[in-house]
Amino acid sequence: METVSLPPFERFYNDNRDAIYAHLRRVVGPDAADDAFQETFLRALRGYDKLRHADHLRAWAFTIASRVVIDLGRRVKPTVELVEELGVSDSRPAYAELEHLADRLPGKERAAVILRYGYDLPYADIAAALDSSEEAARAAASSGVRRLRKTLR
Amino acid sequence: MTTVPTDLDRRFRAAAASEGLLDVGYDLVDSPVGDLLVAATPRGVCRISYDADPEAQAERLARAYGVRVLRAPRAVDAVRRELDEYFDGRRVDFDLELDLTGAPPFTRAVLGELARVPYGEVTTYGSLATRVGSPRSARAVGTVMNRNPIPIVLPCHRVVGANGSLVGYAGGLDRKQALLRLEGASLL
């Protein structure tokens, strides 16, 4: 039997709630942050027991938060530059396209690429999501992009 | 560092419980015998623990019932209310659904008989063993009492030795005595 050692949701929530809340306040402002916060963690709860591994849970939480922001219509549109450059764009939104393309990247690169190019997050937030420095977040995103270009050509 | 406002945190936990998204919801309940960690699944109460260390208990609950374990006061509102009434002396039996998932048949049978021991009365390990049809299993009954996942509601404090001595209690003999005194049980 496959064993996934996910922490109890309580711990995941405690470890990430403040970072997600701070992020949402920056992106959608204090008034909309409350609803976005609740929706983010309710969605996380719905998907939590289906996760296949416990790596980069914070990045996963940021991905959910970013999508909630898009669904709330707070953001005009995510960047599409990378998807266009890779020349594989179809009608899906950039983040959906990238999540699919980046599926086989190592966890940290995948998260960095999706958050940067799918959701247009600044590197400061990606660093928070990856629990690493801004330089490390940049490095992860750029090596992820290099790897993507290689596999797609 | 921005922190989540208490009110927002409370609302999220309440929503998680009312939307039925939890494998287990738990909270601490204060009582005259100390803080109790009380946990419930969608099927019923699954745990009452005198070891009110939420971190360790959450790990244990996640292994037993699933990882969607969250401290959610709303999930245990009914238990809290009945426990409060019990400790106030206004309730003599509990009207709660219990979740004994994973308990082996013997354990289940013993706990089922235990649930019928009336408020304020005591019985013995041997007598409980006889009632589940294994008169020689007094010791095994003792083990089941010691590992009772839902003490107080399943009243293992009402089970004593053949000579009337309190014998033991997972929560400590002081607590066993306190519960029996609360119920007005006459002890040797």
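This is a predicted model: local features need pLDDT of at least 70, side-chain atom pairs count only at pLDDT 80 or more; totals for chains, interfaces and linings use all residues.

**The interface of chain A and chain B**

A: A:Asp49 and B:Arg68 form a salt bridge with their closest N and O atoms 3.7 Å apart; the term requires a side-chain nitrogen of Lys or Arg within 4 Å of a carboxyl oxygen of Asp or Glu. Residues are numbered from 1 along each chain as its sequence is written, chains are lettered from A and ligands numbered from 1 in the order in which they are written, and side-chain values use heavy atoms, without hydrogens and water.

Contact (heavy atoms within 4.5 Å) links 23 residues of chain A with 25 residues of chain B. The two chains bury about 2200 Å² between them, 65% of it on carbon and sulfur atoms; buried area is the accessible area (1.4 Å probe) lost when two parts are put together, summed over both. In chain A, the residues that lose the most area to chain B are A:Pro8, A:Glu10 and A:Leu45, together 25% of what that side buries.

B:Phe12 is in contact, beyond its neighbours within four places in sequence, with residues including A:Phe9, A:Phe37, A:Leu45 and B:Leu70. In the largest nonpolar core, of 61 residues, A:Phe9, A:Phe37 and B:Phe12 touch the most other members. Such a core is a set of buried (under 20% relative accessible area, 1.4 Å probe, protein chains only) Ala, Val, Leu, Ile, Met, Phe, Trp, Tyr and Cys residues joined through side-chain atoms within 4.5 Å.

Definitions and conventions: Buried means under 20% relative accessible area, exposed over 50%, partly exposed in between (1.4 Å probe, protein chains only).
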